[in-house]
Amino acid sequence: MNSKEIRKQFLAFFEGKKHKIVPSAPMVIKDDPTLLFTNAGMNQFKEFFLGINEPKNTRVVDTQKCLRVSGKHNDLEEVGKDTYHHTMFEMLGNWSFGDYFKEEAITWAWELLTQVFKIEKDSLYVSVFEGSEDADMLEKDNEAYAIWNKIVPADRIIMGNKKDNFWEMGDQGPCGPCSEIHVDLRSDEEKSKVSGASLVNQDHPLVVEIWNLVFMQYNRKADGSLESLPAKHVDTGMGFERLCMALQGVKSNYDTDVFTPLIREIEIITDAKYGKTEEADIAIRVIADHIRAVAFSIADGQLPSNTGAGYVIRRILRRAVRYGFTFLETKEPFMYRLVNVLTQNMGEAFPELREQKQLIENVIKEEEHSFLKTLDQGLVLLDSIIEKTKGDIVDGRKAFELYDTYGFPIDLTALILNEKGFSLDEAGFNVAMQEQKNRSKTASETSKGDWEILHSDLEQEFVGYDRLEADVKIVKYRKVESKKRGVQYQLVFNLTPFYAEGGGQVGDKGYLESPDGDVVYIIDTKRENNEIVHFTKNLPKKLEGTFKAVVDSEQRRRTEANHTATHLLHQALREVLGTHVEQKGSAVHSKHLRFDFSHFSKMTKEELEAVEDFVNARISGQLPLEEHRNVPVSEALENGAMALFGEKYGDTVRTIRFGKSIELCGGTHVNNTSDLWHFKIKSEGAVASGIRRIEAITNDAVKDLYAENDKSLNEIVGLLGNPQDTIKAVSQLQEENAELKKQVAALLKDKAKNLKGDLQNELQEKNGVRFLVKKLDLDAAGIKDLSFEMGQNQTDLFLLFATEQDGKALLSCYISKELVASKDLNAGSIVRELGKFIQGGGGGQPFFATAGGKNPAGIPEALEKAKEYLN
Ligand SMILES: Nc1ncnc2c1ncn2[C@@H]1O[C@H](COP(=O)(O)OP(=O)(O)OP(=O)(O)O)[C@@H](O)[C@H]1O
Ligand SMILES: [Zn+2]
């Protein structure tokens, strides 16, 4: 049976048991701060397990795209080395939300595997939770045991501990025992020698878990104690690729037709042969696996980048490139050439791959290209580290720097060192890594209290499309605490006019007024598990009663104008540039809007003007908002509504329309385009390969801009009033200017002298180098003077200064000549490297060099990198 049929049969089997087939949620999660990627089928149903919302269907079946490369489930380092863990994989799942429980879940799973898929009964093992004697004091899952025992002989039922057989959503929330199903794919001969039962959960590549049936029956509270859930749920997850392995009679996921076409293509591109050497095989598996993870992420709208989810994707891609580089000798971009085969193979089940193919290829190619360059540079740096190493162990911190600052993979470092007869101080590397993790962890850690429930019977409703004020009751609240934000409270109302951050639009602010006039401010509104949560710094003194909830209408009005402009902008771009333009991201604030979209070249002045004209014509056309709520998705799409890739839509959606184009959107809008007043583009530039960004303003922001321009204009016109006077005035100004320039130069010199003393006190010292990394308020000449002054008669000084002048950034690096020689440092290459952060370049001599760039916003990052480097 080929993989496409296997997927279909799974869904059809449960459809036959009255399950509703639902689509996979996006693999990239857009608005959950605790999770970057979907890592299990249950993520998209969390709200039902938590009892926050009622599902439409109590029985559901699907295949879910999952990625396990960060957080609780991180299989990245295993992938490629073994034959059954992937970064991206499909999890087949059937679900009961308060409907059936253990009896049906177990018997159906068994029926599907043994009768439909015809897996031999005696190659299957099942596990049951054995109970625990720790604080939870959980009893053995007797119920599951009894059900299994009716269909499986006792010697195939294995008792499992809490680690393997008790599932928890997180530190808090629903949890319960689970039963796993394992399959033994060894030959009969092997089976007769060692029993399969003894190999379950022992990381044997041919005795693997394929299906996990989770029975949610408890809720874990913030204090760690358990309570019974009122409604019990079933959550199952079966690894699709592993199931294919079991059904196709092969011994590795990579030998199933999910992977063989990719592997063939890799063989063709790289001239390697799969199945010859272990090293090359691992590399080929890594590449075949990682191309899926990366392609699916990009299709979901997550591009490789320097932070967050984007950084995870970048690292996966780099891991694959580097395996190719080292073991298959690929020195040119090649991964992007696999997208075609992948799309042919999976485009039917996941159409987003087809639609986004061009973008996926372009982005991957560009990423590969720039990483290969980094690899080259890294190799040079590593050589110089090796040269300076005394003995044969290379400092782990140095290796960490290389990894952290240049993205040079640590396993590559270890490998190269090995080849050259050196070894890596791994402990030192791990310490440096841990230190960095701790730094970022404490910054982001939050602790959440239990929800205090005041009204469990009230339904929650959003009324903010129609009203900015409502009489509300507090349904529940809790305290949250983080280092970054301090103590905050989260409040949920039965009814709310507050829009929660989503679809790029910021959350509403406003206030809550109690019956006796006590006011607390709502500082933000967010969605959590599909519930609208209001953030406050304080709790109201009394929590009972009816409150007045009032949205800050000024902020809302401006935000709505900008949000509406995004729709018009989207239309305009498709009109002016073509229908390849797709929205890739958007951020709508009250002051401005940002819109990212796919397009492959810089927009010309004419194109930008055409876009502005298009939008402004629709503003003066006074188009009314046409809004429809609760439209079935299929109907909306039939009517030509534009949906966004990587967004999750419910069964029914809201469509909005200004003029011709219809879009699916849950945000808030103005009632008539004339409320935008005017639309003005402030900037257009690249954010990634194939992705451009426009920043624009509307409404009051445009008025402010014009008022400012007007003022300057008036001043000039005023001067022009009498031409004779004007000429005089101008030459006088010129003279004054020249004089001022001289004075400023002298002042700056003085200032530099004074500064020198202060800065000398700030020098830090490490390994015989005294150094300072700092942003200064001086011009280029001032910085140069200062550096040379400070450097006089010194032999161990390293100075890295930055400054911002007239919207441009400047970096300068001064190194005592003695250090240049003894430590093999080069100011020129240092500023070139750091210049990237300020989008510029430069150079000079080994002891003094400068770089100029057009991005002052990158200065802090450049300085940060310099500090890390020095440390
Ligand atoms: N990294 C992965 N690659 C492929 N399939 C996986 C992966 N992780 C889990 N699965 C599949 O998803 C099913 C349900 O996930 P679950 O979280 O229970 O697995 P797990 O206990 O992490 O699996 P394992 O112990 O084998 O890593 C597993 O039974 C397995 O078939
Ligand atoms: Zn909208």
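**Reading a predicted model, one feature at a time**

Tutor: Let's start with one residue, H567. Setting aside neighbours up to four places away in sequence, H567 is in contact with F658 and E663. Keep in mind that this is a predicted model.

Student: How do I read where H567 sits: is H567 buried or exposed?

Tutor: The idea is to count the C-beta atoms around a residue: 20 or more others within 10 Å make it buried, and 12 or fewer make it exposed. H567 counts as buried because it has 26 C-beta neighbours inside 10 Å. It belongs to helix α17.

Student: Where is H563 found, and what does H563 touch?

Tutor: H563 is in helix α17, which covers residues 553–576. Leaving out residues up to four places away in sequence, H563 touches Q505, V588, G667, T668 and H669. H563 has 25 other C-beta atoms within 10 Å, so H563 is buried.

Student: Now the ligand. Which residues come nearest to ligand 1?

Tutor: Around a ligand, we gather the residues near it into a shell, then ask what they are and where they come from. Ligand 1 has 16 residues around it, and H86, F89, N212, G237 and G239 come nearest. By class, the shell holds six nonpolar, five polar and five charged residues.

Student: Which element gives the largest share of that shell?

Tutor: That is β10, with four residues. The elements that each supply at least two residues are β5 (88–97), β10 (207–220), β11 (226–239) and α7 (240–247).

Student: What can I learn from the span of helix α13?

Tutor: You compare the end-to-end reach with the expected span. Helix α13 (residues 357–388) has 32 residues and reaches 46 Å from first to last C-alpha, close to the 46 Å expected at 1.5 Å a residue. Its buried residues include L359, I360, F371 and L382.

Student: And backbone angles: which residues have a positive phi without being glycine?

Tutor: Here you look up phi together with the residue type. N201 is one, with a positive phi of about 60 degrees, and D203 is another, with phi near 60 degrees. N201 is in the loop between α6 (188–193) and β10, and D203 lies in the loop between α6 and β10 too.

Student: Why does N201 count as partly exposed, and why is D203 exposed?

Tutor: Go back to counting neighbours. N201 is partly exposed because it has 18 C-beta neighbours inside 10 Å. D203 is exposed because it has 10 other C-beta atoms within 10 Å.

Key. Residues are numbered from 1 along each chain as its sequence is written. Chains are lettered from A and ligands numbered from 1 in the order in which they are written. This is a predicted model: local features need pLDDT of at least 70, side-chain atom pairs count only at pLDDT 80 or more; totals for chains, interfaces and linings use all residues. Two residues are in contact if their C-beta atoms, placed from the backbone, lie within 7 Å. A residue is near a molecule or strand if its C-beta atom, placed from the backbone, lies within 6 Å of it. Ala, Val, Leu, Ile, Met, Phe, Trp, Tyr, Cys and Pro count as nonpolar, Asp, Glu, Lys and Arg as charged, and the others, Gly among them, as polar. The expected span of a helix is 1.5 Å times one less than its number of residues.
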